[in-house]
Amino acid sequence: MRKYLWTLVLLPHLLFAQRINRQALVERHSVVTTQMDTLASVSIGSGRFVFTVDATGLQTFTAYYAQGVPLGTQSEWGWHSLPNPENYTLPKF
């Protein structure tokens, strides 16, 4: 019975799902930069990895952007933690 229930749930999705036009999606979100602005860096990512770029499309002028939105790279898989045997905590402000 459970096997048939899943079929009933998934069948409408399989029959009526629309394909994504990926080229149109990317072109709709094109970024055009005409000048350097320390508060207008662009972050490009997938939710698990993000790369923040300056007007060159790279992280070329990191010192210039230090007083604005800093350029950086972040990833979900790069996050880790270490044991805390002394039970250190951050101070409350």
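The mean pLDDT of the protein is 82, and 88% of its residues reach 70 or more. The model is predicted. Confidence is lowest in helix α1, residues 2–16, where the mean is 69, and highest in β2, where it is 90. The protein holds 2 helices and 3 strands, and from the N terminus on these elements follow the order α-α-β-β-β.

**Overall make-up**

- Of the 93 residues in the protein, 8% are buried.
- The protein exposes about 9,200 Å², and carbon and sulfur atoms supply 60% of that area.
- Among contacts between residues at least 6 apart in sequence, 37% join residues at least 24 apart.

**The sheet**

- The strands form an open sheet of 3 strands in the order β1-β2-β3, with antiparallel pairing.
- Its edge strands are β1 (42–45) and β3 (73–75), each of which pairs on one side only.
- From one strand to the next, the twist averages 15°.

**Pairing of β1 with β2**

- Strand β2 covers residues 49–53 and pairs with β1 in the antiparallel sense over 4 bridges.
- S43 has T52 in β2 as its bridge partner.
- G45 stands opposite V50, which also belongs to β2.
- The hairpin of β1 and β2 has 3 residues between the strands, and in this hairpin G47 takes a positive phi near 100°.

**Pairing of β2 with β3**

- β2 and β3 run antiparallel and are joined by 3 bridges.
- F51 has T73 in β3 as its bridge partner.

**Residue T52**

- T52 lies in strand β2, the element in which confidence is highest.
- T52 has a relative accessible area of 8%, which is under 20%, so this residue counts as buried.
- Leaving aside residues up to four places away in sequence, T52 touches S41, V42, S43, Q59, P70, L71 and G72.
- One of these contacts, S43, is also the residue whose bridge partner in β2 is T52.

**The aromatic pair**

- The structure holds 1 aromatic pair.
- The rings of this pair belong to Y64 and Y65, and their centres are 5.6 Å apart.
- The ring planes of Y64 and Y65 stand at 75°, which is over 60, so the pair is edge-to-face.
- A pair of aromatic rings is described by the distance of the centres and the angle of the planes.
- Y65 is buried, because its relative accessible area of 1% is under 20%.
- Y64 is partly exposed, because its relative accessible area of 45% falls between 20% and 50%.

**Points to locate in the structure**

- For the hairpin of β1 and β2, find G47, where phi is positive and near 100°.
- For helix α1, look at residues 2–16, where the mean confidence is 69.

Conventions:
Residues numbered from 1 in each chain as written. Predicted model: local features only at pLDDT ≥ 70, side-chain atom pairs only at ≥ 80, totals over all residues. Heavy atoms only, no water. Pairing = 2+ DSSP bridges. Axes fitted to C-alpha atoms, helices over the stretch in contact; angles between N-to-C directions. Buried < 20%, exposed > 50% of the residue type's maximum accessible area, 1.4 Å probe, protein only. Contact = heavy atoms within 4.5 Å. Phe/Tyr/Trp six-rings, centres within 6.5 Å; stacked < 30°, edge-to-face > 60°. pLDDT = per-residue confidence, 0-100. Areas by Shrake-Rupley, 256 points an atom, 1.4 Å probe, with all protein chains shown as cover.
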